[in-house]
Amino acid sequence: MSENLLANHTTARVGGPATTWIEVSTEEQLTTAVAETDATEFPLLVLAGGSNMLVADEGFPGTVVQLGTAGIDVMESSNSHVHVRIAAGHNWDAVVAWSVTEGLTGIEALSGIPGSTGATPVQNVGAYGADISQTLVSIRAWDRQAHKVVELTGPELEFGYRDSIIKRTIESSTTNFHHASPRWIVLTVDLHLTKTGQTAPVRYTQLARALNVELGDSVPLEHIRQTVLDLRATKGMVLDSDDYDTWSTGSFFTNPIVAVEATQRLPDDAPRFAHHDETSETETVKLSAAWLIDHAGFNKGFGLNHEPDTVNGRAGLSTKHTLALTNRGAATTNDLITIATLVRDGVVERWGITLVPEPVLIGVQLGHH
Ligand SMILES: Cc1cc2nc3c(=O)[nH]c(=O)nc-3n(C[C@H](O)[C@H](O)[C@H](O)COP(=O)(O)OP(=O)(O)OC[C@H]3O[C@@H](n4cnc5c(N)ncnc54)[C@H](O)[C@@H]3O)c2cc1C
């Protein structure tokens with residue numbers, strides 16, 4: 001097994017070799033590896049859990065720096081809250097599990113999301129009515145442009161739906177490998193968590209339904225965590241090496257946010273959620289990418305050989321969720337991209353709406369219309 005093979009370090013288990021591979025376990029090693037790589041002509045790819053990236057089958061012609069830093073430090077604690085600092089490489093779900101055990105509220109609905117803590121601000125990771133912007137106070141990061149460690153506060157990170165200022169410095173879907181990693185490399189993440197005595201309000205209808213409570217009701221933290229994990233498992237959204245439905249990057253497309261006029265072709269029962277964008281004058285709505293895909297004829301299990309309900313091909317939509325593109329055991333990056341392109345084009349044709357990939361695409365892009 002080649003250690004330099006991206007397929008061995010990504011949750012979709014695809015991607016070719018990197019030229020050089022550096023594993024770091026301390027912050028100093030991390031900043032040194034990044035600064036030294038940036039001083040060469042080789043491109044840099046910062047990788048942690050590999051759960052939100054697809055790298056070309058040809059591989060990455062540069063240096064991968066793999067984050068292995070860890071640690072949760074309580075910086076300040078009062079009767080009402082704690083301020084914690086978490087190392088970027090620390091497994092995210094381990095942080096959530098820790099917070100629940102400690103009776104700390106704020107991130108329990110983000111249970112079961114794969115990957116690292118340092119990646120959570122990159123796309124403002126979110127699920128079940130929560131996202132990281134709600135608890136994140138600040139980050140410390142290595143600024144590759146200024147060549148120094150900087151601190152950026154939540155507002156400075158300009159969080160949006162699956163978006164932040166960090167993500168906007170990555171050039172996805174190009175073969176310009178020099179912009180494969182962001183300007184800021186997150187070193188630590190500071191969170192503000194509340195001491196509520198083991199319960200938290202439920203903020204998401206589907207979760208409230210599963211818990212058999214009303215929206216806004218307070219429920220034991222452990223109960224919320226377990227229910228979220230169970231719900232996610234039914235959708236193949238918790239990693240399980242025995243289940244091909246989880247060999248993915250999670251949701252492959254973001255839920256599209258479009259002007260209300262662009263939804264005229266949609267039937268009344270198509271899910272739509274109010275979306276407020278202060279920077280835009282037009283009225284916008286958020287649509288369900290999963291619904292659009294399903295109702296454009298790409299059902300659960302849609303496979304490479306174009307026959308609905310066939311999962312025997314190398315790649316296909318998850319049999320549990322139309323939003324996840326999955327490796328059925330022997331897929332290549334190209335197989336996944338082929339399906340993604342088919343799905344995107346089919347949705348445009350049926351609904352006139354262009355879905356945008358959520359994971360970072362490195363050295364690959366969806367086919368042209
Ligand atoms: C089964 C499954 C379910 C998922 N469910 C969700 C979900 O519910 N909600 C959600 O938001 N996401 C979800 N995801 C996507 C993914 O888990 C998150 O985006 C996660 O935060 C990625 O973390 P990672 O460490 O794996 O990042 P990687 O894949 O290693 O990296 C992702 C991007 O972040 C950059 N990056 C990584 N670490 C750093 C750092 N320290 N500093 C700067 N840049 C960095 C990388 O260069 C890359 O551009 C899911 C994925 C899978 C496979």
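R162 sits in a loop, the one that runs between strand β11 (148-153) and strand β12 (184-195). Please keep in mind, as we go through this structure, that it is a predicted model.

Why begin with this residue? In UniProt, an unreviewed entry lists R162 under "active site", together with S251 and E358. These three residues are spread over 197 residues of sequence, yet they cluster in space, and the largest C-alpha distance among them is 11.1 Å.

Let me now turn to the domain assignment. How is the chain divided? Domain 1 covers residues 6-67, domain 2 covers 72-234, and domain 3 covers 244-362.

At the boundary, 14 residues of domain 1 make contact with 17 residues of domain 3. Together the two domains bury about 1,300 Å² between them, and 55% of this area is on carbon and sulfur atoms.

What kinds of polar pairing do we find between domain 1 and domain 3? There are 12 residue pairs in polar contact, counting pairs with both residues at pLDDT 80 or more. Salt bridges between these two domains number 0. On the side of domain 1 that touches domain 3, strand β3 (residues 53-55) gives the most, with 3 residues. By residue class, that side of domain 1 consists of 8 nonpolar, 4 polar and 2 charged residues.

Salt bridges do occur in the model, and the count comes to 12. As a general point, side chains of opposite charge can pair when their charged atoms come close. One example is the salt bridge in which the side chains of E27 and R140 meet, at 2.7 Å from N to O. E27 belongs to helix α1 (residues 27-38) and R140 to strand β10 (residues 136-143), so this pair ties together parts that lie 113 residues apart in sequence.

Thank you for your attention.

How values were computed:
Residues are numbered from 1 along each chain as its sequence is written. This is a predicted model: local features need pLDDT of at least 70, side-chain atom pairs count only at pLDDT 80 or more; totals for chains, interfaces and linings use all residues. Side-chain values use heavy atoms; hydrogens and water are left out. Domain bounds come from an automatic or database domain assignment. Contact means heavy atoms within 4.5 Å. Buried area is the accessible area (1.4 Å probe) that two parts lose on being put together, summed over both. A salt bridge is a side-chain nitrogen of Lys or Arg within 4 Å of a carboxyl oxygen of Asp or Glu. A polar contact is a pair of N or O atoms within 3.5 Å; within protein, one must be able to donate a hydrogen and the other to accept it, and residues adjacent in sequence count only if both atoms are side-chain atoms. Helices (H or I, at least four residues) and strands (E, at least two) are DSSP runs, numbered from the N terminus. Ala, Val, Leu, Ile, Met, Phe, Trp, Tyr, Cys and Pro count as nonpolar, Asp, Glu, Lys and Arg as charged, and the others, Gly among them, as polar. UniProt positions are given in the numbering used here, feature names are shortened, and annotations may be inferred rather than shown by experiment.
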